[in-house]
Amino acid sequence: MEKDMCKNDGEAWRVLEFYSGIGGMRYSLMKADVSAQVVEAFDINDKANDVYELNFGHRPYQGNIQNLTAAELDMYGAHAWLLSPPCQPYTRQGLQKQSSDARAFSFLKILELIPHTVKPPHMLFVENVVGFETSDTHAKMIEILANSDYLTQEFILSPLQFGVPYSRPRYFCLVAIIYFVCMHAKRKPLSFRCQLLNNQLLRSPSPLLGNDDMTVITKHDQPDDSWDKLLESCDPVERFLEFSNSGDQVNTETGFLSTGTAAVDDFGAAEETVEVDRCVSIDHFLVPLSLIERWGSAMDSKRCCCFTKSYYQYVKGTGSLLATVQPKNKGKASSLKEQHLRYFTPREVANLHSFPGDFQFPHHLSLRQRYALLGNSLSIAVVAPLLQYLFAQAG
């Protein structure tokens with residue numbers, strides 16, 4: 001493994017982006033203001049690659065990454081590998097087959113190639129759902145990394161901790177090699193600034209803000225059930241909305257409604273007859289009264305939920321609805337019918353994921369496809385400071 005992989009001053013970091021999706025990781029890299037060049041992106045989803053190509057002018061490699069070899073990875077000469085592997089093997093709703101799930105194979109294969117590379121990456125960054133950290137895939141990942149002379153720092157963070165009124169807790173693993181070989185030095189150390197955080201799983205963003213005091217970090221460690229309380233300090237929902245309604249005001253007290261308990265056959269029924277990019281009316285996103293009457297009792301108020309790839313297709317646990325009308329009498333609750341519930345538009349979901357304003361979808365993608373791709377994406381507001389922190393360690 002000992003091969004010259006030094007980065008000259010002023011040279012951009014060379015990055016490989018695995019499971020690139022619609023470009024959330026690359027946008028995060030840009031937002032982090034890291035001088036980096038994505039030398040290749042990889043994704044097997046052709047629709048996601050359509051979006052990526054439209055926004056970045058490069059189409060990701062669409063082959064099976066399980067077929068990549070160590071020699072092929074060495075050819076890229078990448079300093080960093082960014083990975084957001086499939087989450088289905090670890091979700092609560094799934095079968096939780098973990099490493100025995102076929103969708104986990106490619107990630108493990110990539111990790112297993114590291115000891116066989118001549119030019120191993122200086123850094124890796126892994127994103128996945130909460131639950132990954134207790135999986136056997138995680139155990140195998142940590143074992144491979146430790147045996148390959150890497151240090152890790154792990155986080156579970158949500159956009160709520162970064163001022164975004166959106167609950168999407170995710171697991172992140174930051175990985176730095178203990179040393180890398182340079183032409184003019186035997187070994188150049190590469191390590192995290194605060195060694196006390198090595199091999200720790202943190203739920204606080206304090207280290208990203210320059211605070212390495214363990215007492216402060218522990219004090220601000222956020223348990224899952226307290227994250228909703230952070231909504232009070234987040235930006236208002238209105239800042240993320242596509243529609244500014246003069247007649248229908250956003251209910252800032254209720255704002256979000258989490259969806260309840262059933263599949264809905266007629267979600268998006270109008271989609272086939274509406275051109276998505278010409279759909280400028282908020283009426284298209286209103287929740288039908290029939291659905292409210294049928295499932296309204298299963299809708300919880302004042303809770304911001306994670307948007308999944310099934311948003312707009314199913315009711316249970318797929319994302320929030322927006323209450324667009326305030327109660328007529330302050331202090332008095334209004335019925336769900338009176339609140340004019342609607343779905344968040346794809347643009348608004350992208351906003352809550354902190355995608356930039358110039359991000360766009362190809363015209364041929366349907367609403368369902370857009371929601372699905374966004375549901376598989378990540379929060380740039382969270383990932384950008386993590387990447388900034390990771391790359392700063394390598395200065």
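Here is a friendly set of questions and answers on the predicted model above.

User: Is Cys 234 buried or exposed?
Analyst: Burial goes by relative accessible area: under 20% is buried, over 50% is exposed, and in between is partly exposed (1.4 Å probe, protein chains only). Cys 234 has a relative accessibility of 11%, so this residue counts as buried.

User: Which residues touch the most other members of the largest nonpolar core?
Analyst: A nonpolar core is a set of buried Ala, Val, Leu, Ile, Met, Phe, Trp, Tyr and Cys residues joined through side-chain atoms within 4.5 Å. The largest one holds 70 residues. The residues touching the most other members are Phe 125, Phe 172, Leu 174, Leu 386 and Phe 391.

User: Which residues does Leu 386 touch?
Analyst: Contact means heavy atoms within 4.5 Å. Leaving out residues up to four places away in sequence, Leu 386 touches Phe 125, Phe 155, Leu 157, Phe 172, Leu 174 and Leu 208.

User: How many aromatic pairs does a search of the whole structure find?
Analyst: Rings of Phe, Tyr and Trp (its six-membered ring) pair if their centres lie within 6.5 Å; planes under 30 degrees apart count as stacked, over 60 as edge-to-face and the rest as tilted. With that rule, the search finds 21 aromatic pairs.

User: What kind of pair do Tyr 27 and Phe 56 form?
Analyst: Tyr 27 lies in helix α1 (residues 24-31) and Phe 56 in helix α2 (residues 46-56), so the pair ties together parts that are 29 residues apart in sequence. Tyr 27 is buried at 7% relative accessibility, and Phe 56 is buried at 16%. Their ring centres are 4.7 Å apart with the planes at 50°, so the pair is tilted.

User: What kind of pair do Phe 42 and Tyr 76 form?
Analyst: Phe 42 sits in strand β2 (residues 36-42) and Tyr 76 in helix α3 (residues 70-76), so this pair ties together parts 34 residues apart in sequence. Phe 42 is buried at 1% relative accessibility, whereas Tyr 76 is partly exposed at 21%. The ring centres are 6.0 Å apart and the planes stand at 90°, so the pair is edge-to-face.

User: Which side chain joins that of Arg 342 in a polar contact of 2.8 Å?
Analyst: Arg 342 lies in strand β13 (residues 341-343) and is buried, with a relative accessible area of 0%. A polar contact is a pair of N or O atoms within 3.5 Å; within protein, one must be able to donate a hydrogen and the other to accept it, and residues adjacent in sequence count only if both atoms are side-chain atoms. The partner of Arg 342 in this 2.8 Å contact is Glu 348.

Note on methods: Residues numbered from 1 in each chain as written. Predicted model: local features only at pLDDT ≥ 70, side-chain atom pairs only at ≥ 80, totals over all residues. Heavy atoms only, no water. Helix = DSSP H or I, 4+ residues; strand = E, 2+ residues; numbered from the N terminus.
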